[in-house]
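Open the model in your viewer and show it as a cartoon. The stops below say what to select and what is found there.

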Amino acid sequence: MAGGMARAYLRIYGRVQGVFFRATMREVARRLGVTGWVRNMPDGSVEAVVEGPREAVEEVIRWAHRGPPAARVERVVVVWEPYRGEYRDFTIRYDLEPYRPTPLQEEG
């Protein structure tokens with residue numbers, strides 16, 4: 001799955017709310033040219049969907065393992081999904097509409 005376009009669902013756990021995680025992730029995503037969204041969840045985690053060039057998506061994932069300076073990331077769950085080209089920008093969401101990632105089916 002090298003190169004090309006990619007989509008990943010992320011769930012980030014730790015001290016990740018109230019530390020500018022969403023705003024900083026949006027800045028990072030826009031700088032890297034990926035689209036999607038990020039939002040806080042009631043359990044204290046942060047959820048995101050990232051789409052774009054695979055290398056840029058991977059860079060956002062690497063950043064999510066660190067987060068902004070005040071964050072203390074404990075764990076990041078990543079689910080690779082089929083690319084959909086669904087978004088035009090990277091936004092902060094405020095809804096709690098359930099999102100269920102659809103794992104990418106491995107070829108073989």
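Predicted model: local features only at pLDDT ≥ 70, side-chain atom pairs only at ≥ 80, totals over all residues.

Select residues 7-94, where UniProt, in an unreviewed entry, places the feature "domain: Acylphosphatase-like". Over this range the chain is 26% helix and 41% strand. Its end C-alpha atoms are 21 Å apart.

**The sheet.** Next, colour the strands. In which order do the 5 strands lie in the sheet? Read across, the order is β4-β1-β3-β2-β5; the sheet is open and its pairing is mixed. Now pick β4 (72-81) and β5 (90-92), which stand at the edges. Each has a single partner strand, so one side of each is left without a neighbour in the sheet. On average, neighbouring strands here are turned by 20 degrees against each other, direction ignored.

Select β1 (residues 5-15) and β3 (residues 46-53). These strands run antiparallel and are joined by 8 bridges. Show R7 and look across to β3, where E51 stands opposite.

**The helices.** Select residues 21-32 for helix α1, which lies across β1, β2 (35-40), β3, β4 and β5. Helix α1 runs at about 170 degrees to β5. Then move to residues 54-64, helix α2, which lies across β1, β3 and β4. Its direction is at about 155 degrees to β3.

**A loop residue.** Finish at G18, in the loop between β1 and α1. Is G18 buried or exposed? Its relative accessible area is 77%, over the 50% cut-off, so G18 counts as exposed.

Methods: Residues numbered from 1 in each chain as written. Heavy atoms only, no water. UniProt positions renumbered as here; feature names shortened; annotations may be inferred. Helix = DSSP H or I, 4+ residues; strand = E, 2+ residues; numbered from the N terminus. Pairing = 2+ DSSP bridges. Axes fitted to C-alpha atoms, helices over the stretch in contact; angles between N-to-C directions. Contact = heavy atoms within 4.5 Å. Buried < 20%, exposed > 50% of the residue type's maximum accessible area, 1.4 Å probe, protein only.
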